[in-house]
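User: Could you take me through this structure? I would like to go one topic at a time.
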Amino acid sequence: MAGPEVKDQYKVSPFLVFYLVHSVQVGVGVMGFQRISAEHAGNDAWISVLAAGLSLNVIIFLIYKIMMKEKGDLISLHQNLFGKWLGGFLSLIAIAYFIAMGITVLRTYIEVVQVWMFPDLNKWIFGTVFLLLVYYCLSGGFRVVAGISFFGVVLPFYLVLTMIFPLFYGHFRDLLPFFNHSIKEMYEGVKGASLSYLGFTTLFMYLPFIKEPEKSHRWAQGGHLLTVFIYTLVMITTLAFFSPEQLQKTIWATLTTWKIAEMPFVQRFEYIGIASWALVILPNLCITIWAGGRGIRRLSRISQRNVTIPILVFVLISSSLFARRESIDLLNEYTSKVGFFFVYVYVPFLFVVQYIKGKVDGAG
Amino acid sequence: MTRLFLFLVSMILLTGCVQKSILDDIQMVTIIGYDLPDADGEMGQIKGIAVSPQYEADGRIENNVFVQTAELSKEIRSQYNSESPKPFVSGKLEVALFSQDIAETEGIIELVDTLQRDPSIGSRVFLGISSSDMETLLKTNYGNVDTGTFIHDTLSHNSRHGMLPETNLHDFLYNFYSEGNDPFLPLVALDEDKVKIMGIALFKGDKMVSSIDAKDLFTFKVLHQKFSSNDSFTVSLNDEEHAAIYNIASKRDLNLKMIGSNKIVLHGKVLGVIKEYSGEKLTPAKLKEIEMTMEKEIEKKGSEMIEEFQSLNIDPLSLGNNVRSVTRGDFNKEDWNKRYPDMDITFKMDVTITESGVIE
């Protein structure tokens, strides 16, 4: 199967990949990834976060190596490597994963709004309205999705500044001594941290929509590095702000640090922060659901426009089915596990298979 | 077009989706106090006293006091609601006080836990211990002010500029959950029509075990943290000569190089200015003498204080956390608790008087 043909008028500039990668990474994870990462790595968790981030630079490099050879997307890659049926099956799993990411993001965000702001918020109504907005973006095609991710990065970027408040209460001695954990503990920390970096595998789906995709490689790496920088900063701040056991009791460490913020015009900063977060969540949902819809369109030749609404309805219904903290946690855990496997095992595996197949075909 | 229409319609409909809280229709609690119930109360119950200001049209502020007894502090809230014309909200809470009885017998972590669990309560809320009767303290009228803000401001300016070390909800929880710290909170009492800071209450876990008197707070703060304040320290050379040292900046250095042989050296450095002197002439020799006397006095007090901490096995100076930060491998809290009381902790003081005012 040949790669998809995308008309030039639907393509976007390579630099937008910076925003596409960064915005899909920063989502609900950053609100509380610290606890998971620090559970094993303790005060060295920031090193784990940094290491996890840098290791993913290699994975992004591999994705580009694969895609530059394939000149298509994940669907055509699967078909070329594994044939129509097995390849199609693997594509279906990938599509399910993309949509599951969307469900996770939406449900977790609604949970945060319910816990922190409005306990009596109706998740159906909120979900419907939010997904209407997503539909509005998606119906404009990929160019609008890319535009939304640009705004999803730039507009809420001021939130990085809120990390200044906890710095005044930082106990930086808590970070010492460095490297005081075993390799195994550090690895567990890397595993916990890598979960919040996931989502950039959507690159597999939208690369055909980038003009001169090879030029976008450095933008993708750059977008990812910005995420690494922000996460490391947030992690260091969190470790200095909380004592270890206190952090383990805090579900949303980033939001809890906002409780210390004091401004003359607002008593509780979380209300502004969480509301701004809707802008961070929007591109997340748009990109993942777009990637899912795009996958279905490529597999089945149903137009993406027709498939978007059923996906959105599915996302709304399934995200509303998770009602309790534990089930939402479980949902997060499973999408994370699949994502971890996807980037660290499956992407290198694809690379190797493609390499071998290239050799075999070349020889034959 | 239909899409846009749908979107706009749902936006309008959404505004009615969550419960509104209009400022005039709610009871904003600014201070809450917890005490053990009076003798006839049941076991395991707590008495909660909430004060909520009511702003009258003519500029008067009236403090409404609600007293209830229940088993859970949130249960107390629903009981408040049953006797109040407006619903209670806790988003404006400024201070939470605990009676000394409760802090000494039951511990306060369960009560503090409800405060940290509530997302509408900020981390900057002041916690404090009251040695006076809670109900009297909170029912007292402190002038045309809201009681919560009044007590909050008293604590706030004293910890920002005065001798009180900084404490708030977050600091308490940080120290409580930390491996090498023990929390402390300001100790207040009713003094006729004022709330007076009596010192600080020292905790072991969540139970109050001892306290430090207000006059020794300077020494404690030198031992505890780096700071600068507007308070002064009085040195008496003899019966007639006194000097008031106005503290500019203070710093503490911990020397942990000899921790292997259980030795810690705590070095305090104070930069000060003389503000008041009752003797005749302030010669350089006199200055030296004042410095020496002050050093000796703080050293003596500080060493006594450290000894008391060791005998109680509490660590409000976060020495444990500092030791942890230079310990490779696992820092074992139990081991540390065994080592700590017998540790040889030396306190050295270094006072430098930089100026003696505008008069020579």
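User: What share of the 364 residues in chain A is buried?
Analyst: Buried residues account for 48% of the 364 residues in chain A. A residue is buried if 20 or more other C-beta atoms lie within 10 Å of its own, exposed if 12 or fewer, and partly exposed in between, with C-beta atoms placed from the backbone. This is a predicted model, in which local features need pLDDT of at least 70 and side-chain atom pairs count only at pLDDT 80 or more, while totals for chains, interfaces and linings use all residues. Residues are numbered from 1 along each chain as its sequence is written, and chains are lettered from A and ligands numbered from 1 in the order in which they are written.

User: And the secondary structure of chain A?
Analyst: Chain A has 16 helices and zero strands. Helices (H or I, at least four residues) and strands (E, at least two) are DSSP runs, numbered from the N terminus. The radius of gyration of chain A, taken over C-alpha atoms, is 20 Å, close to the 21 Å from the globule rule (2.2 Å times the number of residues to the power 0.38), so chain A is as compact as a globular protein of that length.

User: How many residues of helix α2 of chain A are buried?
Analyst: Seven of the nine residues of α2(A), which spans residues 33–41, are buried. Among them are Phe33(A), Ile36(A) and His40(A).

User: Which helices do those buried residues pack against?
Analyst: The buried residues of α2(A) pack against α3 (45–70), α9 (183–194), α11 (217–241), α12 and α13 (253–258) of chain A. After α2(A) comes Gly42(A), with a positive phi near 55°.

User: Changing topic, where does chain A touch chain B?
Analyst: In total, 26 residues of chain A are in contact with 25 residues of chain B; contact requires C-beta atoms, placed from the backbone, to lie within 7 Å. On the chain A side, α5 (84–116), α6 (123–138) and α12 (244–248) each supply at least two residues. The most come from α6(A), with five residues.

User: What about the sheet in chain B?
Analyst: Eight strands of chain B form an open sheet with mixed pairing, in the order β4-β3-β2-β6-β7-β8-β9-β10. Two strands pair if DSSP finds at least two bridges between them. At the edges stand β4 (61–70) and β10 (207–213) of chain B, each with a single partner strand, so one side of each has no neighbour in the sheet.

User: How many bridges join β2 to β3 in chain B?
Analyst: Five bridges join β2 (residues 31–35) and β3 (residues 46–55) of chain B, which run antiparallel. Ile31(B) has Val51(B) as its bridge partner in β3(B).

Definitions and conventions. Contact = placed C-beta atoms within 7 Å.
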